[in-house]
Each structure stands twice: as structure tokens, then as C-alpha cells.
Amino acid sequence: MSETEALFETQGVSRVYRSGRGAQIEALHDVSLTIPRGAFVVLRGPSGSGKTTLLALLAALDHPTKGTVRFDGQDLQRASEAERSRIRRRLGIVFQQARMLRGLPLWENVTYPLIPQGVGGPERAEIATKLLEGVGIVGRQRARPEELSGGELQRVGIARALAAQPEAVLADEPTSDLDPESAEAVIALLKGIHAAGRTVVAASHDPLLQELATHTFRLRAGRLQI
Ligand SMILES: Nc1ncnc2c1ncn2[C@@H]1O[C@H](COP(=O)(O)OP(=O)(O)OP(=O)(O)O)[C@@H](O)[C@H]1O
Ligand SMILES: [Mg+2]
């Protein structure tokens with residue numbers, strides 16, 4: 001495996017959203033980029049420039065209107081829904097607002113991605129405790145998501161993204177809603193993930209996160225800046 005092997009690759013990717021009355025918004029226009037395995041990518045660009053749209057395409061959560069997205073050499077457009085979901089299981093996705101299943105204890109939320117692998121409850125509970133400790137949340141395995149603060153939830157979201165030991169973590173503005181201390185904790189986690197050899201792709205304007213970047217991509221009105 002060479003160091004420059006592409007983990008993600010987009011070629012000529014456009015994404016057009018159609019809203020009411022036939023209006024169209026081209027959220028991405030002709031975006032071609034390569035993300036090598038092991039990179040720490042920071043995706044920058046003003047609000048509305050297409051960062052979240054691009055992350056969703058890389059995460060196989062959305063389809064481009066034009067162009068190709070490849071993960072580990074596989075063309076996501078040609079992949080079946082089953083293959084796309086297998087690919088998603090190789091990724092840890094951190095949304096801007098951690099979406100948790102309400103009413104379900106944290107340990108269940110965090111290890112939800114392990115259920116398809118057939119990992120049983122007691123083992124998942126143990127794994128969850130470790131993952132939660134790793135993000136600085138101790139003794140709250142049985143708490144429900146609605147009992148946590150926004151910063152705590154963001155960290156739980158990262159713990160969940162790591163549960164299945166993903167090859168890459170895609171994070172959408174993981175520190176934007178956090179106080180400086182929580183933001184630092186999240187950045188330290190992402191740094192650890194990268195140090196462990198995983199690929200990190202984060203949409204962020206955080207200068208502390210930027211310091212970790214091996215590659216920076218800038219979007220402006222859906223176009224990649226060079
Ligand atoms: N589901 C949608 N339907 C219609 N337009 C959309 C949709 N999602 C995004 N857009 C539009 O696409 C463009 C890019 O949006 P996107 O969310 O990717 O931007 P962003 O760079 O993530 O912005 P922010 O920094 O505010 O999160 C924006 O003009 C947005 O209004
Ligand atoms: Mg966004």
C-alpha cells in the first residue's frame with residue numbers, strides 16, 4: 001500500500017439541488033480532488049460553499065448530479081445500495097449536530113454501529129465505556145442523550161463514529177458549537193485518530209484544527225479553489 005494511495009477521489013463532481021418552482025442550486029461544480037489514505041484534510045469555505053454537500057457525497061449518503069466519487073478505488077455510483085452501506089460502515093461520520101436516538105442510553109447509542117457485526121450487549125457495553133472514557137465522558141453510560149449538554153453530545157458523537165474502528169472519520173464542523181475546552185478535547189481526539197493511521201476529513205474554520213491539516217481544500221460557491 002503506497003503512501004499516496006487515494007482513499008477518496010472525486011472527478012468532475014457537481015451536485016444540483018432542485019427546490020420549488022424549478023429553481024436549481026448548484027452546490028458543487030466540477031470538483032475533482034484526491035484524499036490519500038492517512039491524510040488529515042481540512043475543508044474550508046464560507047457558509048453555503050458546499051462543504052456539507054461534499055462530505056455527504058464522500059460518505060456515500062448522497063449521489064452527485066454529475067461526476068464520480070470513489071472510495072478505496074470503488075465507484076460509489078456503480079455500487080449497489082448494499083455495497084454503499086458496507087462502505088458507510090467503514091466510515092465514522094460526525095455530524096455537526098450529533099444525532100442520537102432519544103431515550104436510548106449512551107452506551108447503546110455509541111455502539112449501535114456494532115449491532116450489524118453481531119457484537120452482543122455485554123461486550124458493547126464494555127466497548128462503550130472505553131470509548132466514552134476516551135472522549136472524557138465517565139460514569140454516564142446509562143444517561144440518555146437528552147440529559148447531556150451540546151458539547152458532551154458532540155463528544156459522544158465522536159465516540160460513536162469510532163465504535164466500528166473506521167478507516168476514515170468524516171466530521172462536519174466538529175468544534176463549531178463548543179466552548180474552547182470541549183473544542184480542544186475534540187481536536188485532541190481527531191489528532192489521536194490521525195496518529196493511529198486513520199484518515200480524517202473535517203469541514204472546519206477552527207485554526208487549531210487547521211494546524212493538524214496535511215491537506216487543505218477551499219471551496220467557494222461550490223468550486224474548488226486552487
Ligand atoms: N437539501 C438541499 N436543498 C436545496 N439546497 C440545498 C440543500 N442542501 C444544501 N443546499 C444549498 O447548497 C449550497 C451548499 O450548501 P452546504 O450545506 O453544502 O454548504 P456549507 O459549506 O456546508 O455551509 P455551512 O458552512 O453554512 O454549513 C447552499 O447554497 C445551500 O443552500
Ligand atoms: Mg455545512
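Visitor: Leaving aside its neighbours within four places in sequence, which residues is V201 in contact with?
Guide: Happy to start there, and please keep in mind that this is a predicted model. V201 belongs to the largest nonpolar core, which has 61 residues, and together with L170 touches the most other members. Setting aside neighbours within four places in sequence, its contacts are I35, V41, L43, L55, L58, A168 and L170.

Visitor: Is helix α1 mostly covered or mostly open, and which of its residues are buried?
Guide: Helix α1 spans residues 51-58, and it is mostly covered, with 6 of its 8 residues buried.

Visitor: Which element gives the most residues to the shell around ligand 1?
Guide: The residues around ligand 1 are Y17, S19, I25, A27, G45, S47, G48, S49, G50, K51, T52 and T53. Both β2 and α1 supply at least two of the shell residues. The most come from one element, with 3 residues: α1.

Visitor: How do the residues of that shell divide into nonpolar, polar and charged?
Guide: The shell includes serines and glycines such as S47, G48, S49 and G50, as well as K51. Sorted by class, the shell around ligand 1 comes to 3 nonpolar, 8 polar and 1 charged.

Visitor: In what order do the 4 strands of the open sheet lie, and which are the edge strands?
Guide: The pairing in this sheet is antiparallel, and the order is β2-β1-β4-β5. An edge strand here pairs on one side only, which leaves β2 (24-36) and β5 (74-75).

Visitor: Which residue of β2 is the bridge partner of T10?
Guide: Strand β1 covers residues 6-18 and runs antiparallel to β2, with 9 bridges joining the two. Within β2, the partner of T10 is L33.

Visitor: Why does the radius of gyration of the protein agree with that of a compact globule?
Guide: The C-alpha atoms fill a box of roughly 45 × 45 × 40 Å along the principal axes. Because a compact globule of 226 residues would have a radius of gyration near 17 Å, the protein agrees with its value of 18 Å.

Note on methods:
Residues numbered from 1 in each chain as written. Chains lettered and ligands numbered in written order. Predicted model: local features only at pLDDT ≥ 70, side-chain atom pairs only at ≥ 80, totals over all residues. Core = buried A, V, L, I, M, F, W, Y, C linked by C-beta atoms within 7 Å. Buried ≥ 20, exposed ≤ 12 C-beta atoms within 10 Å, placed from the backbone. Contact = placed C-beta atoms within 7 Å. Pairing = 2+ DSSP bridges. Near = placed C-beta within 6 Å. Nonpolar A, V, L, I, M, F, W, Y, C, P; charged D, E, K, R; others polar. Rg over C-alpha atoms; globule rule 2.2 N^0.38 Å.
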